[in-house]
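Thanks for asking me to look this over. Here are my notes, point by point, to read alongside the model.

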Amino acid sequence: MSVTADIDIKYRRGSFLLQMRIAIPDGIVGFFGPSGSGKSSLLKLLAGIEQPDEGQILVRGRQFYNCASKINVPVRKRKMGLVFQEGRLFPHMTIRKNLLYGYKPTSSISFQEVVALLEIEGLLEKKPDQCSGGERQRVAIGRMLLNSPEVLMLDEPFSSLDQRLRRNIIPYLIRIHEKYSLPIWVVSHDIGDLLMLTDQLMVIDCGQVIGSGSYLDLLFDPIAGPILQREEEINAVRLRAQSIDVLNGLTAFYYYSDYPANCLLIDMEKQLMPDEQIIVSIPPQSISLSPERVDSISARNQLQGEIISIKEIGRKVFCQVNVGFPLLVEITCSSKARLALKEGAQVFCLFKSISVKILPLGKSLVLRD
């Protein structure tokens, strides 16, 4: 995996010490950890707002900071696009003027391109207080894009938004990454939001990165796991439709899989088409396991798969089942014993359509010129 940034720094403020030696991979990366762990401080250090006490920072081949060589590139020359949770728009300016603040005609991203991408044409003559929280957040992201950043960094972008609005922001961030191949780093204390965006996580605690990798790997890691286990476990996966059908009033979403009969039965108003993408979220505790398909039951979704791993956390048992995508299932110790579950066994994952949350992403997020 290619790397966007190499960081080896120490930074002390009062009794707090941030000490990190990490390589941040390309793509969308989520930084997760408790409040006060150093997530936001890391973004400020990378942007140049704060300065390390020692070490070096290398981003996309450019050396931003090197204590030994006395290199410290100013904020304006780093071109690190940091968007704060409150957006920080100018209240007396229209949205158009906010977007164009600091914009240069030599920017690699045009004004009209950003307006179309973020769907904010109807907001241009409004003031920030006439816009919703989600709209203001999109404008703040757009203003940063118009400055052609090397990396887009978002500090708690969802914290001031309700669940509906925060879910609306996620497709726009995915579009930005896919259209411009722009690395995006997102700080959040909500693991559900991060997993809707990416499976690449860095877990931070007490000023250190204690784990880096996929959610399912880190969840059972002896060091990073306890931090992630403070939150409800979640399945969040991005799927592309192979075909779409309607079965008994529900949308049958057939996805690319080694199990051709597997399909998600979901209740949604939007009509989906083949090759469209969705993000699927299912709580592990809402899924039951059965060694065979069950006909007389209200759980309409019954996905066949193979148990890849079985892990125990306290009194909880988690089975990771490959149903064409990795699905985490929470069961009890007694259920594991009663069903004699073992790795490699074929099972059916049963869950109700109402337990599935869907975020449509469209057929192709890469907009064509």
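**Notes on the model**

1. Leaving aside neighbours within four places in sequence, Ile95 is in contact (heavy atoms within 4.5 Å) with Leu89, Leu123, Leu124, Lys126, Lys127, Pro128, Cys131 and Val139. Ile95 belongs to helix α3, residues 95-100; helices (H or I, at least four residues) and strands (E, at least two) are DSSP runs, numbered from the N terminus.

2. A word on the basis: this is a predicted model, where local features need pLDDT of at least 70, side-chain atom pairs count only at pLDDT 80 or more, and totals for chains, interfaces and linings use all residues. Residues are numbered from 1 along each chain as its sequence is written, and side-chain values use heavy atoms, with hydrogens and water left out.

3. Ile95 counts as buried because its relative accessibility is 0%; buried means under 20% relative accessible area, exposed over 50%, and partly exposed in between (1.4 Å probe, protein chains only).

4. Glu233 sits in the loop between α9 (225-228) and β12 (235-247). Glu233 is also buried, because its relative accessibility is 4%. Beyond its neighbours within four places in sequence, Glu233 has contacts that include Tyr215, Lys316, Phe318 and Glu330.

5. Now the strands. β17 (residues 301-313) pairs antiparallel with β20 (residues 346-351) over six bridges; two strands pair if DSSP finds at least two bridges between them. Leu303 has Cys349 in β20 as its bridge partner.

6. β17 also pairs antiparallel with β18 (residues 316-322), over seven bridges, and Ser309 has Gln320 in β18 as its bridge partner. The hairpin of β17 and β18 has two residues between the strands, and Gly314 there takes a positive phi near 60°.
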